[in-house]
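Please read the points below beside the coordinates.

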Amino acid sequence: MAALRAERAALLGFASHAEFATDNQTAPSLEAIHAMLGKLAPPAVRNAHAEAELLREAAARDGIEDLQAWDWSYYSEQVRREKFSVDRAALRPYFELERVLTDGVFFAANRLYGLTFTERPDLAGYHPDVRIWEVKNEDGSGLGLFLGDYYTRDTKAGGAWMNSLVHQSALLGMQPVVVNNLNIPKPPAGEPTLLSFDEVVTAFHEFGHALHGLFSEVTYPQFSGTAVPRDFVEYPSQVNEMWMLWPEVVANFAKHHVTGEPLPQDAIDNIEAASTWGEGFGTTEYLGATLLDLAWHELAPGETVQDPEAFEAEALQRAGVALDLVPPRYRSGYFKHIFAGGYAAAYYAYIWSEVLDADTVEWFQENGGLTRENGDRFRRELLARGNSIDPLQAFRNFRGRDAAIEPLLHRRGLA
Ligand SMILES: [Zn+2]
């Protein structure tokens, strides 16, 4: 497959599939992608080694002398519990769906952008579980419709995602209709829907995509909202996750569903203290997969690989991420993203988006956080633009400069 892709790239005038695939992404060049990955690899590997030391101590207490890759997640969770006393399961009673939505997700959008949400039970969705809200600007003008389809069903795809049902377009006079899908198990009748910590993060994340669709102010539907390159589309949604634990927001929605008491501050502190634990491992295994993806797709036309395992080993070695204890997240034989999905030479997109995300979060923090002024700037310069201008130019207009990698290094404890 890699050889055929290289051959096609040559027919189209490119030196490799990777060069072809990144040509219309926001990353300016393959060199720029390698430069970014190269800044991440040394600190990630250094932290993975430091994490391994703590895991070895924990494993030694069980009589395990020689820690192996397959021991990693078990002992990592043990260290997380011991060192940071984080028990995520105990948080559920504080995350009731209705409160998370109304007093959390919608509340943050109101504080930032002045949006109001009015449920429209008179409008019929595509399934009885689908709820529909009319979204209005602060001045009362209509923005669009937001659909929420939160429960899991036998006939529904897994995971969580956002779709545009109607793309905003000035040319056609269309206002956007967007939907967020989650897969939360439906509770028995009469019982509240309690979310896991990760499901709350996901609710904020998907709503970030929804805002990208709703705020679109472009002429052509082809460039509307989330119709941006793959290495950019996750950026606004990742930014929206920051509001979940923002003090004013979490205090407003995270209340015990029976007693109404707020989520204890020490639980929030513990979650934040634990946030960099495991990032050495996570970043290294991610980088391993990303660099394998690029190695396969930087093959020149006509170049062949006789021994895939040796090829992998050499690629990881060359990139400085060859660790026996931390194998790449995917090996070539089961790397579905790049051989059966749309991510060939694009697995880097996750971290590329996160560089922009972390730098934007830092901007919000430096400028007073959850304010209407900040929200309006992000909306005007970035969320409204869709793909009607170069997305990195939109970022520059918003941030006042190109993205810096330091905030991401800091967030992952790699600084
Ligand atoms: Zn997303």
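1. E298 is partly exposed, with a relative accessible area of 32%; partly exposed lies between buried, under 20%, and exposed, over 50% (1.4 Å probe, protein chains only). The model is predicted: local features need pLDDT of at least 70, side-chain atom pairs count only at pLDDT 80 or more, and totals for chains, interfaces and linings use all residues. Residues are numbered from 1 along each chain as its sequence is written, and side-chain values use heavy atoms, with hydrogens and water left out.

2. E298 sits in the loop between α10 (279-297) and α11 (308-319); helices are DSSP runs of H or I with at least four residues, numbered from the N terminus. Together with E19, D23 and E31, E298 makes up a negative surface patch. Patch members have over 30% relative accessible area and no salt bridge, and like charges are joined within 9 Å. Asp and Glu count as negative, with the charge placed at CG of Asp or CD of Glu. Areas come from the Shrake-Rupley method with a 1.4 Å probe.

3. How many salt bridges are there by the rule used? The count comes to 27, where a salt bridge is a side-chain nitrogen of Lys or Arg within 4 Å of a carboxyl oxygen of Asp or Glu.

4. R412 and E279 form one of these salt bridges, at 3.6 Å from N to O. R412 lies in the segment after α16 (406-411) and E279 in helix α10, so the pair ties together parts 133 residues apart in sequence. R412 counts as buried at 12% relative accessibility, whereas E279 is partly exposed at 22%. Both belong to a salt-bridge network that also includes E354, D357 and R411.

5. Helix α10 also supplies E285, whose partner R329 lies in the loop between α11 and α12 (336-339), 44 residues apart. E285 is buried, with a relative accessible area of 14%, and R329 is partly exposed at 32%.

6. E381 and R385 meet through their side chains in a salt bridge of 3.9 Å, N to O. E381 is buried, at 16% relative accessible area; R385, at 28%, counts as partly exposed.

7. Does helix α6 (residues 197-214) count as mostly covered or mostly open? It is mostly covered, with 16 of its 18 residues buried. Its end C-alpha atoms are 26 Å apart, which agrees with the 26 Å that 18 residues should span at 1.5 Å a residue; the expected span is 1.5 Å times one less than the number of residues.

Methods: Patches are made of residues with over 30% relative accessible area and no salt bridge: like charges are joined within 9 Å, nonpolar side chains (Val, Leu, Ile, Met, Phe, Trp, Tyr) within 5 Å. Helices (H or I, at least four residues) and strands (E, at least two) are DSSP runs, numbered from the N terminus.
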